[in-house]
Structures are given as structure tokens and as C-alpha cells.
Amino acid sequence: MTTTMTLAKAITSGLDKVLESDGKSLLMGEDIGRLGGVYRITDGLIDKYGEHRVIDSPLGEAGIVGTAVGMALRGFSPLVEIQFDGFVFPAFSQITTQLAKMHARSEGRLTTPVVIRIPYGGGIGSIEHHSESPEALFAHTAGLRIITPSNAHDAYWMIQQAASCQDPVIFFEPKRRYWLKGEVDTETPALDAFKAQVVRPGTDATIVAYGPLVPIALAAADAALEDGRSIEVIDLRSLSPIDFDTITESVQKTGRLIVTHEAPTFGGLGGEIAARITERAFLSLEAPVLRVGGFHMPYPISKVESQYLPDIDKLLEALDRSFAY
Amino acid sequence: MTRAATEATEPDLIQILTPDGQRQSHGTYDAYLGDVDDDMLRGFYRDMALTRRFDQEATALQRQGQLCLWVPLRGQEAAQIGSGRATRRSDYIFPTYREHGVALTRDVSFSEMLRLFRGISGGGWDPRENNFHMYTMVLAAQMPHAAGYAMALNMEQRGWDEARRAKEGNAVVAYFGDGSSTEGETHESMVFASSFNAPVVYFCQNNQWAISVPFEVQSKVPLVNRAAGYGMPGVRVDGNDVLAVLAVTRWALEHARSGKGPVLIEAVTYRLGAHTTADDPTKYRMSEEEAQWAPKDPLIRLETYLRENNLVDDAYFEQLAADADAMAAKVREDAMAFPVPPLAKSFEQVYAEAHPLIQEELAWHLEYEAGFADAAEGEH
């Protein structure tokens with residue numbers, strides 16, 4: 001059955017499915033109960049499942065993630081919400097030193113299937129710490145899995161796939177796409193959450209994007225067509241692990257690769273992708289892998305954020321450089 | 001802090017066995033010692049003596065280069081044996097990295113415990129077998145785990161009345177120290193546990209020193225006073241008195257178990273040795289202070305009590321020393337015999353589910369290492 005819904009509503013519906021099907025699952029976070037979360041992603045779920053399964057937590061991110069770890073050790077499957085990207089850092093130690101390492105430290109005896117939902121990214125005209133993209137900081141930590149949907153159908157399924165995964169998963173939600181509507185097929189599951197997906201086939205160059213930039217990459221591909229360039233767009237979907245096979249296959253066909261993300265270019269996932277693809281497909285490349293990302297600065301004041309964020313023009317400019325090489 | 005302010009907030013110290021080995025009664029806590037007979041008393045001494053001997057052997061192993069590190073507990077045996085013996089098997093324990101005595105009360109193998117410190121395991125024992133969690137090196141990181149675990153127990157015990165909870169309910173003990181009392185996660189854990197009435201007993205061994213920093217830098221008030229700020233009861237106990245610790249912890253577990261929420265226990269003790277084998281206490285504390293605490297040794301006071309009441313004779317101590325030496329020899333033998341797992345094993349343990357990067361890097365690693373094997377064969 002196919003339904004049109006926003007990406008936000010798709011996550012809500014996915015969470016509803018999780019709570020319905022797994023009695024050990026529960027939601028926890030700041031303001032997620034009565035209010036339904038600052039983005040209303042958990043709206044209505046407390047009425048349906050009760051306050052013991054949709055828990056308004058005290059205000060403390062380390063406490064939220066840390067208690068979720070403890071619940072997981074007792075056999076529960078918590079899905080916790082961090083209110084904004086820039087507020088995750090009080091929980092950074094719990095995520096990187098505890099959650100990520102529990103399975104390894106226990107020699108595989110203990111699993112901590114915690115899902116951490118984080119609205120991320122800019123373009124919403126907000127104040128500081130509300131527009132960040134900290135995914136690379138987590139991708140560098142072994143033991144975590146990181147995924148991010150770019151459309152409603154994926155959002156509906158990927159949150160459920162995250163919940164059923166035995167490893168800890170950070171689920172980054174592209175907050176400026178919360179209201180993007182799309183078709184959700186509630187009977188046909190999306191692709192494996194840890195695989196990339198070619199969302200637009202092309203022959204002349206590949207753009208790899210994820211989360212909030214996928215619609216922009218698609219728009220850039222449309223614009224490039226006017227110049228006679230056929231652009232393949234890959235929605236990465238999983239940021240750890242990264243599906244290098246799908247990217248390699250694409251680049252072997254197109255010979256050119258642009259990677260884009262809102263996170264700063266320096267030390268970002270684009271660098272990792274560039275290095276890996278250079279190793280895997282060096283002889284197929286017609287130009288160096290180019291990156292279109294944020295600058296090496298704290299996320300800027302919102303009145304000038306449009307100059308910071310990757311957009312269609314920046315992607316077209318990168319394509320020009322690639323083709324000119 | 002003025003002297004007057006200190007005195008105004010100085011809480012009671014629960015003590016059953018005085019430092020000179022005299023047993024005194026206590027209106028509240030005697031009721032929690034009703035079953036403590038002569039055998040149990042001898043058993044507590046044996047637990048403490050075995051723990052101390054294990055600690056001594058592990059320290060020696062480290063000095064001989066056989067362990068990466070060791071964390072001595074000498075002086076804290078009563079706090080650990082008393083609290084550990086107060087728990088039920090179904091209660092779950094979150095230790096720091098110094099709870100070797102608590103581990104003994106949970107039947108965690110001393111030999112297995114050395115796997116972590118010998119550098120051949122990231123954990124060492126199976127936490128599920130004894131409900132004794134892995135050691136945690138990141139200070140206070142285990143504190144919110146304890147609150148969360150106890151919140152999960154509450155979910156399992158939803159709808160149980162107080163009587164059923166008291167009888168069948170489980171609780172959690174979260175160990176921490178005076179140093180980690182400062183960490184934010186200790187605070188957050190206590191807020192969560194208190195707000196959700198989670199059955200946690202917070203057991204602080206205040207051993208006076210966080211490596212080189214004295215207690216007064218961590219807190220201007222006795223730690224037990226902080227309990228009031230979280231809306232939970234707090235009890236200060238003589239941590240070198242195994243009977244008082246046992247009684248107070250039993251009371252606290254009963255309180256938590258029956259659904260009344262968390263409790264904070266501050267066990268006042270003293271780390272007679274170094275923080276770790278990498279530490280040098282002569283650089284930061286006076287030998288006079290150590291000399292003051294030496295006679296308060298938890299083993300000495302119980303020995304005095306046992307001897308004065310004719311519960312033991314010299315033969316008891318001789319046999320115990322022989323048993324302890326045999327245990328230490330076995331631990332040493334086991335530690336030296338532990339096989340070193342190949343790095344390939346570590347790849348398998350990062351994730352619970354299949355992971356392409358792990359598979360790719362493992363394949364590369366195995367091929368690379370196999371190259372050396374081929375080269376070695378070629379030399380023969």
C-alpha cells in the first residue's frame with residue numbers, strides 16, 4: 001500500500017511500527033512524550049504506548065544515552081532522541097567509549113542495540129548549535145553504524161531497520177527535509193539500510209550525496225542535463241559502513257566523482273570516499289575526486305548560511321572543474 | 001569552609017565493629033545482622049584475606065612485567081566484601097575497576113579477572129554469568145548504565161506490589177569513588193534514578209584520594225550529604241567495618257528493591273596502597289597520614305574481634321594463609337598460561353552483525369600476516 005506522507009510523518013509511522021512489533025522497544029528523550037518532541041516526530045505515541053515506553057527524560061544527554069546503554073544491557077531496545085545535532089556532545093563519551101565498544105570489550109558477549117536519533121544539518125535559519133553535521137566525528141568510531149534517509153520511504157523503513165539491528169545505530173534525520181513529501185510503500189521494504197542507492201542513473205559523472213543534499217544533487221543533475229551532461233546520483237544512505245561497491249561501480253562507468261555534504265570538507269566523509277575510490281578505480285578516473293562541503297569554520301550565522309551550504313551552483317561549478325580536467 | 005559549617009554538616013558514621021575490634025549494637029542496623037553467625041564472620045575474614053592475597057599477587061605480577069597495569073585495593077576489603085555479600089545473585093553490579101573483593105563475592109574467577117590486566121581481553125569475564133559487569137576505565141561511565149539497568153528492572157516489575165518487589169525484585173549496585181563523584185555522569189545518573197524511582201544503590205568508596213588529589217578538592221561537604229539534593233536517603237558507614245557495611249547495604253538494597261527508589265551509601269575508607277602500579281603516593285601524601293589509617297585496617301579489626309571472642313585459633317590463620325598462597329599460585333599459573341588471541345579475533349568482535357569494512361580489512365590483515373608465514377617457511 002502506498003501513502004503520501006512527509007519525511008517526518010514517515011519516521012513517526014516507522015517508530016509506531018517498532019513500538020507495536022517489539023515489546024522490548026521504547027523511546028526516550030527530552031520533550032518527546034507529551035510535547036511529541038520539538039519536531040513532533042514522536043507526536044501521539046505516548047498516548048498509544050504509555051509513559052513507560054515513551055519516556056520524557058530529565059535534561060541530560062549523557063544520562064539519556066548512558067541509561068539507554070543500561071536498558072540495552074537488560075535486554076531492552078531503546079530508541080533515544082537527541083534534540084539537536086549540536087547538543088549531542090555531552091553524550092559523546094557515552095556513545096564513543098561505552099556504546100560503541102561494549103560488544104568488542106565483552107568479546108562479543110554483550111550487545112547494546114541502541115538507536116540514537118539526531119536531527120541534523122542546516123538551512124533552517126536557526127541560531128548556533130542547531131544546524132550542525134557531526135557525522136564524521138561518529139563515523140571515525142568503530143562499533144557504531146550511521147545511517148541517514150533522504151526521503152519518506154527510506155525514513156519509514158530505515159528507522160525500523162535501525163531498530164532491529166543488533167549494533168548501535170546513529171540515525172541522522174535531515175531536519176530541513178522533515179516536511180518533504182513522498183510516496184511510502186508500507187508493504188515493500190526499502191533497500192538494506194547499509195547500502196547506497198543509485199537514485200538517478202547517468203553516464204558522464206557521479207555525484208554522491210546523502211540526507212538533506214540528495215534533492216539538491218538531483219536538481220543539479222537536472223540542470224547539468226541542459227549542458228548535455230548525464231549525471232548519476234547516488235544516495236549514500238549509510239555513512240558507516242559506506243557502500244563503496246556501489247560508488248566504485250558507478251565511477252567505473254562515469255569516470256568522474258563529486259562528493260557533497262554539509263559537514264566541513266576537511267576531515268569529512270568526502271575525503272574517505274575520495275581516497276577509497278582513488279584506490280579502487282584509479283584507472284577509471286578522468287579527473288580527481290572533488291568535494292563540495294562546508295568550510296573549516298563553526299557553522300555560520302544563519303543570515304549567511306546559504307553561502308556556506310553546498311547548493312546547485314556549487315555542484316555545477318564542481319562538475320565544470322571535473323569536466324575541464 | 002568554616003569550621004562551624006563543617007561541624008554542622010558532619011553526618012553520623014555507622015559503625016558496628018570499632019577499630020579496636022569491639023562490637024557495638026546499633027538500633028537500626030542490628031536487625032540486618034541477625035543471621036550473621038560465627039561461620040559467616042570467619043567467612044568474611046576469609047573473603048578479605050583471600051582478596052588481599054590476590055591483590056598482592058597481582059601487584060607482584062605487574063612488577064614482574066606480567067600485567068600491563070594493576071589497581072590495588074588494599075584497605076578497601078571490608079567495604080567490598082560487606083557490600084558484595086549483601087547482594088542477591090539476581091542483583092546486577094556495576095563496578096569501577098577496583099572491585100576485586102566484590103568480584104570474589106560474585107564468584108568471578110580471580111584468574112579470569114587478570115585477562116583484562118594481562119592485555120589479552122577488553123573485558124575478561126562473562127558479565128551475564130555472575131551479574132557482575134565488566135570493569136569500566138572511563139570514570140563514572142558505568143553510573144548512568146546502572147540507572148538505566150534499574151529503570152529496565154522497573155519496567156519488568158511494573159504492577160508488582162511492594163511485598164512482591166521486596167521478595168522477588170532485583171536491584172542494581174553502582175560502585176564509584178570519591179574522584180568520580182565529581183563526574184557529570186554521576187550527577188545525571190542520580191537524577192535519572194531518583195526521578196524514575198529506579199532500584200539503585202549507589203555505593204561510594206571514599207578512599208580519600210583520587211590518584212594524587214585529596215577528597216576536599218572533590219567536595220566541600222561530606223559526599224553523603226549530596227543524597228538529600230537528589231531526594232534519596234544517604235547513609236555514611238565506616239567502610240573498614242565489614243559488619244556495618246553489610247548491614248547498611250542490606251538495608252539500602254531492601255529500600256531500593258521494594259520500589260522506594262535509590263540510596264546513596266558513602267563508605268569511608270582509605271586506599272592503603274597506590275592508586276595503580278603506575279602511581280607513587282610518596283609524591284603527594286604524608287606517611288603520617290598513612291600511619292594514622294594503618295591501625296584502622298579492616299582485616300586487623302575483624303581479626304581482633306575473632307580472636308578476642310575465641311572464634312578462631314592460630315590454626316585457622318595458618319590454614320587460611322596456606323589456602324591463600326595456593327590460590328595465588330594458581331592465579332599466577334593461570335595468568336601465565338592464558339593464550340593470546342590473534343588480532344583476527346578482534347575484528348570479529350567490533351560488530352554483532354556482518355560489516356563490509358571489517359571483512360575487507362580482516363581479509364587484508366590475514367593475507368598480509370600469511371605473507372610472513374610464507375617467508376618464514378622459505379627460510380627453512
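## Close-up views of a two-chain predicted model

**View 1. Helices α3 and α4 of chain A, side by side.** The axes of α3(A) and helix α4 (residues 92-99) of chain A come within 8 Å and cross at roughly 25°; axes here are lines fitted to C-alpha atoms, for helices over the stretch in contact, and angles run from 0 to 180 degrees between N-to-C directions. That crossing makes α3(A) roughly parallel to α4(A). For these labels, angles under 35 degrees count as roughly parallel, over 145 as roughly antiparallel, 65 to 115 as roughly perpendicular and the rest as oblique. On the α3(A) side, the contact uses A:A62, A:V65, A:G66 and A:V69, and α4(A) brings A:S93, A:Q94, A:I95, A:Q98 and A:L99. Being in contact means that the C-beta atoms of two residues, placed from the backbone, lie within 7 Å. By class, this contact has 5 nonpolar, 4 polar and no charged residues. The classes go like this: Ala, Val, Leu, Ile, Met, Phe, Trp, Tyr, Cys and Pro are nonpolar, Asp, Glu, Lys and Arg are charged, and the others, Gly among them, are polar.

A word on the model and labels: this is a predicted model, where local features need pLDDT of at least 70, side-chain atom pairs count only at pLDDT 80 or more, and totals for chains, interfaces and linings use all residues. Residues are numbered from 1 along each chain as its sequence is written, while chains are lettered from A and ligands numbered from 1 in the order in which they are written.

**View 2. Helix α3 of chain A on its own.** Helix α3 (residues 61-73) of chain A has 13 residues and reaches 18 Å from its first C-alpha to its last, close to the 18 Å expected at 1.5 Å a residue; that expected span is 1.5 Å times one less than the number of residues. Helices (H or I, at least four residues) and strands (E, at least two) are DSSP runs, numbered from the N terminus. α3(A) is mostly covered, with 13 of its 13 residues buried. A buried residue has 20 or more other C-beta atoms within 10 Å of its own, an exposed one has 12 or fewer, and a partly exposed one falls in between, with C-beta atoms placed from the backbone. After α3(A) comes A:G75, whose phi is positive, near 100°.

View 3. Helix α9 (residues 244-254) and helix α10 (residues 269-281) of chain A have axes that come within 10 Å and cross at roughly 60°. The two are therefore oblique to each other. α9(A) contributes A:F244, A:I247, A:T248, A:V251 and A:Q252 to the contact, and α10(A) contributes A:I273, A:R276, A:I277, A:R280 and A:A281. Sorted by class, that contact holds 6 nonpolar, 2 polar and 2 charged residues.

View 4. Most residues other than glycine have a negative phi, and most peptide bonds are trans. The bond from A:S240 to A:P241, though, is cis, with omega near 0°, and A:P241 sits in the loop between β12 (238-240) and α9 of chain A. A:H129 isn't a glycine, yet has a positive phi of about 70°. Look for A:H129 in the loop between β5 (115-120) and α6 (135-139) of chain A; with 14 other C-beta atoms within 10 Å, A:H129 is partly exposed. Over in chain B, B:D107 also has a positive phi, near 65°. B:D107 is in the loop between α4 (100-105) and α5 (110-117) of chain B, and is exposed, with 10 other C-beta atoms within 10 Å.

**View 5. Helices α2 and α14 of chain B.** The axes of helix α2 (residues 38-63) and helix α14 (residues 298-308) of chain B come within 10 Å and cross at roughly 150°. That makes α2(B) roughly antiparallel to α14(B). Residues making the contact include B:F44, B:Y45 and B:M48 of α2(B) and B:L299, B:L302 and B:L306 of α14(B). The class count for this contact is 9 nonpolar, no polar and 3 charged residues.

**View 6. Where chain B touches chain A.** The contact takes 36 residues from chain B and 33 residues from chain A. Among the chain B elements giving two or more residues are α9 (184-195) and α17 (356-379). α7(B) gives the most to this side, with 10 residues. The chain B side divides into 19 nonpolar, 10 polar and 7 charged residues.
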